[in-house]
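Subject: Structure handover

Hello,

Here is the structure I promised you. Please open it alongside this note.

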Amino acid sequence: MRHDMAVLATNHLKRAQEDLQSAESKISDGCYKIAINHSCYAIFFSLLAVNTLDGFEEVEQTALLTHFNRYFVHTGAFGTEMYNMIDSVYSVRDKCDNDDFYISTKGEAEEQLEKAQKFVESVKIYLKKK
């Protein structure tokens, strides 16, 4: 891996960690929709970290997921459960952002945070191997 790509991937992963911390804080503050958004951002920046290794630097969510699925899930680098978990978190975030009547709960925010933590951890392990 080129040095600049390694630095960029590391920076993306640091941002993911910051978003996990923010999500935890927002749950403590009772701001569940915001916590879910930060959990989603943690996944987003982790996806950026992994995709950067391929030189793929697209920042549009659908393109990131498509690339991740094709080059990392279908090749076995990450299990299909990771892709499904990401899709699940993004689906909940979409409800939070676009449904004015949607009420998120503490349990739901904690569940999304747990999924994001699991994904970020799997990305950390993957990056250490590279």
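Predicted model: local features only at pLDDT ≥ 70, side-chain atom pairs only at ≥ 80, totals over all residues.

**Helix H3 and its start**

H3 covers residues 61–73. Its N-terminal end is capped by glutamate 60. A side-chain oxygen of that glutamate sits 3.2 Å from the backbone nitrogen of threonine 62.

Several H3 residues are buried: Leu64, Leu65, His67, Phe68, Asn69, Phe72 and Val73. What do the buried residues of H3 pack against? Their partners are helix H2 (32–52), H4 and H5.

**H3 against H4**

H4 spans residues 80–98. The axes of H3 and H4 come within 10 Å, and they cross at roughly 165°. The cut-off for roughly antiparallel is over 145 degrees, so H3 is roughly antiparallel to H4. The crossing is left-handed.

Which residues make the contact? From H3 come Gln61, Leu65, Phe68, Asn69 and Val73. From H4 come Thr80, Tyr83, Ile86, Tyr90 and Arg93. By class, that contact has six nonpolar residues, three polar and one charged.

**Histidine 67**

Histidine 67 belongs to H3. Is it buried or exposed? Its relative accessibility is 9%. Buried means under 20%, so histidine 67 counts as buried.

The histidine 67 side chain makes a polar contact with the side chain of asparagine 51, at 2.9 Å. Setting aside residues up to four places away in sequence, histidine 67 touches Asn51, Asp54, Phe56 and Phe72.

**Lysine 115**

Lysine 115 lies in helix H5, residues 106–129. Lysine 115 is also buried, because its relative accessible area is 17% and the limit is under 20%.

What does lysine 115 touch, leaving aside neighbours within four places in sequence? The contacts are Met85, Ser88 and Val89.

How far is lysine 115 from lysine 33? In sequence, the two are 82 residues apart. In space, they are 15 Å apart, C-alpha to C-alpha.

**Where to look**

Start with the H3 and H4 pair, with its left-handed crossing. Then turn to histidine 67 and its polar contact with asparagine 51. Finish at lysine 115, buried at 17% relative accessible area.

Best wishes

Key
Residues numbered from 1 in each chain as written. Heavy atoms only, no water. Axes fitted to C-alpha atoms, helices over the stretch in contact; angles between N-to-C directions. Helix = DSSP H or I, 4+ residues; strand = E, 2+ residues; numbered from the N terminus. Parallel < 35°, antiparallel > 145°, perpendicular 65-115°, else oblique. Left-handed = near helix turned anticlockwise from the far one by under 90°. Contact = heavy atoms within 4.5 Å. Nonpolar A, V, L, I, M, F, W, Y, C, P; charged D, E, K, R; others polar. Buried < 20%, exposed > 50% of the residue type's maximum accessible area, 1.4 Å probe, protein only. Polar contact = N/O pair within 3.5 Å; in protein donor to acceptor, adjacent residues only side chain to side chain.
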